[in-house]
Amino acid sequence: MSTQKNVAAIHDISGIGKCSLTVALPIISAAGITTSIMPTAVLSTHTGGFHGYTYRDLTDDMRPFAKHWESLDVKFDAIYSGYLGSAEQIDIVCDFIDTFRKDGCCAVVDPAMADNGKMYALFDMSFAEKMASLCAKADIVVPNITEAAFILGEEYKEGPFTEKQIEDILYNLVDMGPSKVVLTGVYFDEKQIGAATFDRESGKISYEFSDRIPGFYHGTGDVFASALLAAYLKKEDLGKAARIAVDFVYGSIKRTREAGTDVRFGVNFEEGLEDFIKSLK
Ligand code: PXL
């Protein structure tokens with residue numbers, strides 16, 4: 001009998017828009033993994049394209065949450081952080097990792113803060129610098145191309161990319177501290193897009209692509225990182241986990257495009273969960 005794995009997921013809850021905890025929880029649970037959640041904020045919707053959203057900051061609850069969890073002697077196989085609302089929340093997550101990362105627990109940081117060359121609403125470049133300090137502490141970082149550039153203090157460049165450009169980004173990120181990187185939004189031509197993975201220990205780089213569907217689909221970074229983490233905990237192979245996550249995101253975007261729904265409301269990942277579960281077997 002195998003023991004069920006446990007992930008501590010630290011992200012916001014956006015009531016509408018399918019991102020952060022509202023995708024992390026169903027996807028990681030579907031993989032048969034326990035998810036312990038620490039909400040960083042509660043919003044009526046995410047901040048990408050909606051106006052008039054509510055924002056309840058939960059920074060003051062985060063340290064008491066961690067203290068209580070510590071008293072319960074809980075163990076995590078992974079700590080997974082995503083959208084964080086402030087520099088103080090980044091400090092809290094750094095301390096959380098110091099407290100709970102033991103016995104093979106890996107810290108996975110999705111520096112969810114930017115896309116398409118721009119920081120998300122509510123963030124500035126000083127936030128990117130602070131996020132770089134959390135990435136340095138992580139075991140695995142999962143940035144998109146924009147986040148990677150901002151974390152490295154480099155200028156954002158649009159693709160198509162060369163292999164050399166992507167590999168330089170992977171090497172530079174690993175030099176900051178994490179032993180593994182999964183970079184999303186990688187493309188060498190207009191037909192395909194996907195992820196590049198790099199594992200410092202094995203020195204292995206892998207590329208996992210799918211056909212490119214035009215347009216911008218909100219929340220796909222969170223769907224990708226959640227599927228990647230779940231698959232990595234099951235398969236223990238970064239390249240295979242990225243392959244599964246790329247296919248899951250591709251299917252989610254395809255269904256959403258075919259349905260013609262407003263992309264601010266997120267992608268239809270739910271109807272891909274059955275195949276996702278099968279791919280983990
Ligand atoms: O990871 C995307 C995301 C998550 N949470 C909130 C957001 C966004 C992107 O805009 O606004 C609140």
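Predicted model: local features only at pLDDT ≥ 70, side-chain atom pairs only at ≥ 80, totals over all residues.
How far is a nitrogen atom of the ligand from an N or O atom in the side chain of aspartate 12? The distance is 2.8 Å. The ligand takes up the space of the largest pocket, and 13 residues surround the ligand.

**Ligand surroundings**

- Among the 13 residues around the ligand, the closest are Asp12, Ser20, Thr47, Tyr83 and Asp222.
- By class, the shell around the ligand holds 5 nonpolar, 6 polar and 2 charged residues.

- With aspartate 222 the ligand atom is an oxygen, which is 2.9 Å from an N or O atom of the aspartate 222 side chain.
- On its own the ligand has 310 Å² of accessible area, and the protein covers 98% of that area.

**Salt bridges**

- The whole structure contains 16 salt bridges.
- One of them joins the side chains of lysine 5 and glutamate 236, with an N to O distance of 3.5 Å.
- This pair connects distant parts of the chain, as lysine 5 and glutamate 236 are 231 residues apart.
- Lysine 5 belongs to the segment before β1 (6–16), while glutamate 236 sits in the loop between α7 (220–235) and α8 (238–259).

**Backbone geometry**

- Most residues other than glycine have a negative phi, and most peptide bonds are trans.
- The peptide bond between glycine 159 and proline 160 is cis, with omega at about 0 degrees.
- Proline 160 is found in the loop that runs between α5 (145–151) and α6 (163–176).
- Leucine 122, a residue other than glycine, has a positive phi, near 85 degrees.
- The loop between β7 (118–119) and α4 (125–137) is where leucine 122 is placed.

Terms used:
Residues numbered from 1 in each chain as written. Heavy atoms only, no water. Near = heavy atom within 4 Å. Polar contact = N/O pair within 3.5 Å; in protein donor to acceptor, adjacent residues only side chain to side chain. Areas by Shrake-Rupley, 256 points an atom, 1.4 Å probe, with all protein chains shown as cover. 1 Å grid on protein atoms, 1.4 Å probe; cavity = no way out; pocket = protein on both sides within 12 Å on 5 of 7 lines; lining within 4 Å. Sits in = over half its atoms within 2 Å of the grid points. Nonpolar A, V, L, I, M, F, W, Y, C, P; charged D, E, K, R; others polar. Salt bridge = Lys/Arg side-chain N within 4 Å of Asp/Glu carboxyl O. Helix = DSSP H or I, 4+ residues; strand = E, 2+ residues; numbered from the N terminus.
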